Amino acid sequence: MQAGSALVLAAALPARALERPRGTVVLTVSGRVRMPNDGADAHFDMAMIAALPQTSFSTHTPWYAKARRFTGPLLRDVLGAAGAQGTLIRLTALNDYKVDMPYDDPQRHDVIVARLLDDQPMAVRDKGPLFVIYPFDARPELRGAVYYSRSAWQLRTIDVL
Amino acid sequence: MAAADDRRALTPAPRLRFSWLGLVGFGLALALLAVALVQARQFALLRQAVQTGDDYVVPMVYQAETEQLLLREQWRRAVDDRVPLDEAALRLRYEIWVSRVELLRGASTLRLIASHSGYQQTLQQIEDFIQTADRALGPTPVVALERGFLGALLPDLEALTSPMHELSLGASHKVAAQMEERAAAVRQQNLLGVGLTVFLSLLTLAFAFTALRQVRQLRERRVVLEELAANLRIARREAEAASEAKSAFLANMSHEIRTPFHGLMGMLSLLRETALTPRQIDYLRTATESADHLLAILNDILDMSQLESGRVALAMAPVDLRALLREVEALMRPQAAAKPLALHIDADAAVPERIVADATRLKQIIFNLLSNAIKFTDRGAVVLDVRTREGGAGEREIVFEVTDTGVGMDEATLAQLFKRFVQGDNSRSRRHGGTGLGLEISRSLARLMGGDILARSRPGEGSCFTFRMPLRLPEVPAPGAATKVPAGAPQALHLQVLVAEDHPVNRQYMAALLETLGHEAHFSVNGEDAVQALQKRRYDVVLMDLHMPVLDGVQATQAIRALPDASLATVPIVALTADAFAETRERCLLAGMNDFLSKPVSPQKLAATLRRLFGTGAPAAVPDVLPPRQGVRGNGHALVDESAIATALQAMSREKLASLVQAFLDQAPETVQRLRAAVRDAQPLELRTNAHAAKGAALNLGMAGLAATAEALHEGAAYLPAHEVARLVQRYENQLPATREAMIELGVLQRTMQPAVTG
């Protein structure tokens, strides 16, 4: 239900042309993208990502000893901004780490593309600049290897299949 | 035998079985708890694995190693001066590598591989490398990025390859070991679970078995109980049958005892006719009294047995209560005066004139209470108080309270009072006689009427017996004139009557009776004889005794009803019997009899029965009942009433009167016999009727003495003790010669006329 209504909502958004990035491109959304801004792909710089509605939450992760606060747009908003529509999302990290995520996942869960860790931008060595994070603490069923593996850090590309 | 089996089957130790069930149940609960614990433990184990994410460490370390190799390649390319230095690519690779090796310091990694030899050393090595490399590649470079700097650091980077591979392998092995450990734990848990399941199954089986056994035992016990109930039912039926048999036996016995009594009493009265010395007369009187007393006891027992078997039905009818009380007073006064005692009978003004009651039974109770009071009181007074009051259930009651100033009773005696054969005082009972059944009969009758009798007393302070019953008033005031009992008047009917009767005395009695009624009597001595006689000539009616040899009354009736000739088979048959049980009557009617006469048969009853069968024919002549005349001659010489004789002589010739008086006196011994028979057979109604008939005739013929005695008999028939009644009959008999003398004196009779010999 929730997923369905979110889908309808996303589809109902006015198809506004995506502006071209002015800074360094940090994220590329490729594949079934209806609003590309560079060839067939949608490119985002950090300013464009920061301009999307932001979500913040603290959660424990396997990568930090304590709960940390993550901030960034919802993944579904990022996909919406690119006019992406598909059945599967393939996430690729800077080190070519690849993982597939069902298209439903960002609709069902408040998955964010974190750009701030404890309100600070993340360097690559700090697993930045973009970090896909599930709200692990809010939803206990997410605490498992499947969702940990889908939490790609050093996110570079989102391929919509 | 059966009872012992039942008992054993009914009393297994129920506590033992309960504890078995409890034990199994407890075990079951325990096993379930253990299962819950195992499951909780499994859950905790899984949760721990998920939370720590130990599995995740292996790819993490592996990733770090991969990045190490990638960085080494990039670094080598950067040092190679044949290709241009790609600074950005190197920086990115370096940054990624740093991010990866940072993870090795993470909490979960630390926990898993901290124990690995060389871990700390490797970390330190990495730390040192980063510190050095950051001088050019870090966020705040202090030296320029140039090939010389990179080339100097390359050996250090290459030196990290081997320890990081070691670390990767170590983590792999560690996790593998851990997984193995966890698998073992899970296996163990599973084994435990299986064990518990087996245990649980066994317990469940045991539980089911125990429950099954208990159900079976319950079923068995139910069967035993049903058998027991069936046995009890049979036993009850047998007991009831025995009681029935006893009742029948009692009825038979009373009949059997009464028959020889006929003989005995007859002989005694014949004996009295012979010349006797005064001493012999005295003996004779004692013998007669003893016989009367014996009959009274027999009657009490019969009364009791009928009450017990519920055969007594109350004949409820409007009763003139005050007249009834006057009767009682008249009867009791002589007894009280003899002691001497004062007797007061007092009815409250509010007590209604007429009530609905069984007059006979009501008088029986009052009479019993009063005669008891008189019996046990030597001086002072006996008081009967009658009043009405509100009963317990809101209905009005009538209360008869008999108070005396006699010896009284203690509590123990009071408690025993209404019990069978118990009298107030054993020493007294010998003196006063009686069966001890009187009070029990009275109480049973009182309860039958919906009331009760209560007694209270103290030794030396007299007693008080309270008899209460619901007060019922007649709906319509009955006409004041009481129905006169018709005397045995000759009927216009002249019937041919066949009497089947084995007893000669009864045959003679019936002959006289039928003759009196103007019918012709013929006799058969048993049932078979009767059936044959019936086929020889025509009779209008058959009077059939029930107890006969060869063929009894019922069988004979069935034989007659089965005759082929319809005119013979439909002859009216009337049963004659001494037992008055309702069943006997039913049995007779079922056998095909038309009516039922209980012995002794009075002319009135017989006449009434015949009238029912054949119609009136002519109206029955009801003799005049003249009021007692006052003008009795002389100083209390009350044997004859001259004015009544004068009146009679106006209606008929002297000869006719003489013949009637002669006939009356000739019949008198028979009357006496009939009266005695009535006393013997405990038929107070018959006694009353006979006495009434005698009284009516005696009054008409001016024989006032005989009439007075007959009246006393008439009134006291039901209530006086048997010996008192017998005394009255005796007095009646004694008055006969004197009356004859008086009639001769008056010139009504001739001295030459001799008494006719009677059978």
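**Exercise 1. Confidence**

Task: State the average pLDDT of chain B and find stretches where pLDDT stays under 50.

Solution: 
- Over residues 428-432 of chain B, pLDDT stays under 50. The model has six contacts for this stretch beyond four places in sequence; a contact means C-beta atoms, placed from the backbone, within 7 Å.
- Residues 617-637 of chain B also stay under 50, with 32 contacts beyond four places in sequence.
- Where pLDDT is low, predicted coordinates should not be read in detail.
- The model scores ipTM 0.78 and pTM 0.39.

This is a predicted model: local features need pLDDT of at least 70, side-chain atom pairs count only at pLDDT 80 or more, and totals for chains, interfaces and linings use all residues. Residues are numbered from 1 along each chain as its sequence is written, while chains are lettered from A and ligands numbered from 1 in the order in which they are written.

**Exercise 2. Chain inventory**

Task: For chains A and B, give the helices and strands, the buried percentage and the percentage of contacts at least 24 apart.

Solution: 
- Helices (H or I, at least four residues) and strands (E, at least two) are DSSP runs, numbered from the N terminus.
- Chain A has five helices and eleven strands. Chain B has 24 helices and twelve strands.
- A residue is buried if 20 or more other C-beta atoms lie within 10 Å of its own, exposed if 12 or fewer, and partly exposed in between; the C-beta atoms are placed from the backbone.
- In chain A, 40% of the 161 residues are buried. In chain B, buried residues make up 33% of 759.
- Take contacts between residues at least 6 apart in sequence. In chain A, 62% of them join residues at least 24 apart. In chain B, 72% join residues 24 or more positions apart.

**Exercise 3. Nonpolar cores**

Task: Which residues of the largest nonpolar core touch the most other members?

Solution: 
- A nonpolar core is a set of buried Ala, Val, Leu, Ile, Met, Phe, Trp, Tyr and Cys residues joined through C-beta atoms within 7 Å.
- The largest has 82 residues. Leu370(B), Leu675(B), Val679(B), Leu713(B), Val725(B) and Val729(B) touch the most other members.
- Helix H21 (residues 654-680) of chain B supplies the largest share, ten residues.
- A second, separate core holds 62 residues, including Leu27(A), Trp75(B), Trp97(B) and Val98(B).
- Now take Leu713(B). Leaving aside neighbours within four places in sequence, its contacts include Leu675(B), Val725(B) and Val729(B).

**Exercise 4. Strand pairing**

Task: Trace the pairing of strand E5(B), then the order of the open sheet in chain A.

Solution: 
- Two strands pair if DSSP finds at least two bridges between them.
- Nine bridges join E4(B) (residues 381-390) to E5(B) (residues 396-404), antiparallel. Glu390(B) has Arg396(B) as its bridge partner.
- Five residues lie between these strands in the hairpin, where Gly394(B) takes a positive phi near 85°.
- E5(B) also runs antiparallel to E7(B) (residues 463-470), through seven bridges. Here Val399(B) stands opposite Arg468(B).
- In chain A, four strands form an open sheet in the order E3-E4-E8-E9, with antiparallel pairing. Its edge strands are E3 (54-61) and E9 (120-121), each pairing on one side only.
- E8(A) (residues 116-117) and E9(A) share two bridges. Leu116(A) has Pro121(A) as its bridge partner.

Definitions and conventions
Two residues are in contact if their C-beta atoms, placed from the backbone, lie within 7 Å. pLDDT is the predictor's confidence in each residue, from 0 to 100.
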